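Visitor: Please pick one part of this model and take me through its surroundings in detail. After that, I'd like to hear how the wider chain is put together.

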Amino acid sequence: MSTDGLIVVDKSGGMTSHDVVARIRRLAKTRRVGHGGTLDPMATGVLVIGVGRATRLLTYVIGAGKSYTGTIRLGQATVTDDAEGDVIATTPAGQVTDDAIRGALTALTGEIDQVPSAVSAIKIDGQRAYKRVRDGESVELPARRVTISRLEVLAIRRTEPDVVDVDIDVTCSSGTYIRAIARDAGLALGVGGHLTALRRTAVGGFTLAEAATLDELEQRAPDVVNLPLDAAADRFFTRREATPDEARVLAHGGPLDPAGLAGPYAVFGPSGGLIAIVSERDGRARAEIVLAPA
């Protein structure tokens, strides 16, 4: 069985995040596998997978900032806001100027209230929004506050009549929908828009540079973990060293004296092994999750 840890996968198009999890379960020979943030089937790129005890780190991975490259097609709106859905409106976009396109995208940067795509995995009364849409319901999701810290236009291409393709590079907070950016830019320009390509280039500090495709992982199975648990926590969190006494207390769920560190942070024992992820509150350092082996 594989060691506990994280795998940075370069997901290929046409598969769900759950498909990747199922494949890793087979390769790693364990059922205890999860992912740190869904990628749509159309999308490719960084998908962080947790194996064994490292699945408990995924809640922090999910909340990390993310970066993407993508292509917006102006002139067509789709039911899913991406190329997976049927075109529901067509408006010639050839007359839209480059300056207007850049202005519409600039208006979508910073801290904004973004309405997620109706065809999304968000639950409404216990049921996924995309299922309600597929069942014929009209779904309106509430806006959520997201931060788009960088939205760079890489290229504006006019290779087909009546549509304009815009290549973008985005860094944003967790919960941001890139296809909603495409939709909203199209709405602002009055021509409609949808996403035709999406590649996630980073999740937190995990980038494509260290990602492996499933075919590459297949070649080295079952040794598929590229960041063992201790190394993964050291990469993702501020590090605190515990004394032997502190390590014993924390391993049993007890609190420590605060160290004045902004949390959550990782506490390691004298032997270098990860004990827990800790945050400080009410004058004590308390474990959010204990990861020391039982």
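Guide: Let's start with the side chains of Asp167 and Thr71, which are joined by a polar contact of 2.8 Å. Such a contact is a pair of N or O atoms within 3.5 Å; within protein, one must be able to donate a hydrogen and the other to accept it, and residues adjacent in sequence count only through side-chain atoms on both sides. This is a predicted model, in which local features need pLDDT of at least 70 and side-chain atom pairs pLDDT 80 or more, while totals for chains, interfaces and linings use all residues. Residues are numbered from 1 along each chain as its sequence is written, and side-chain values use heavy atoms, with hydrogens and water left out.

Asp167 sits in strand 11, residues 164–172; strands (E, at least two residues) and helices (H or I, at least four) are DSSP runs numbered from the N terminus. With a relative accessible area of 16%, Asp167 is buried, meaning under 20%, where exposed is over 50% and partly exposed lies in between (1.4 Å probe, protein chains only). Beyond its neighbours within four places in sequence, Asp167 is in contact (heavy atoms within 4.5 Å) with Gly70, Thr71, Glu152, Val153, Leu154, Ala155 and Arg157.

Val153 deserves a look of its own. This residue belongs to strand 10, residues 144–157, and is buried too, at 15% relative accessibility. Apart from neighbours within four places, Val153 is in contact with Arg102, Leu105, Val166 and Asp167.

Salt bridges come next: a side-chain nitrogen of Lys or Arg within 4 Å of a carboxyl oxygen of Asp or Glu. Glu160 and Arg73 form one, at 3.1 Å from N to O. This pair links distant parts of the chain, since Glu160 is in the loop between strand 10 and strand 11 and Arg73 is in strand 4 (residues 66–74), 87 residues apart. Glu160 is partly exposed at 41%, whereas Arg73 is buried at 15%.

Over the whole structure there are 22 salt bridges. In another of them, the closest N and O atoms of Arg23 and Glu218 are 2.9 Å apart. Arg23 is in helix 1 (residues 17–28) and Glu218 in helix 6 (residues 214–220), so this bridge ties together parts 195 residues apart in sequence. Both residues also belong to a salt-bridge network with Arg26 and Asp215.

Now for the wider view. The domain assignment gives domain 1 (5–64 + 204–230), domain 2 (66–200) and domain 3 (237–290); such bounds come from an automatic or database assignment. Domain 1 and domain 2 have their C-alpha centres 26 Å apart, and 17 residues of domain 1 are in contact with 13 of domain 2. About 1,100 Å² is buried between them, 42% of it from carbon and sulfur atoms; this is the accessible area (1.4 Å probe) that the two parts lose on being put together, summed over both. Asp40, Met42 and Thr44 supply 44% of what domain 1 buries there, more than any other three residues. Two salt bridges cross between these domains, and Arg199 pairs with Asp10 in a salt bridge of 2.8 Å between the closest N and O atoms.
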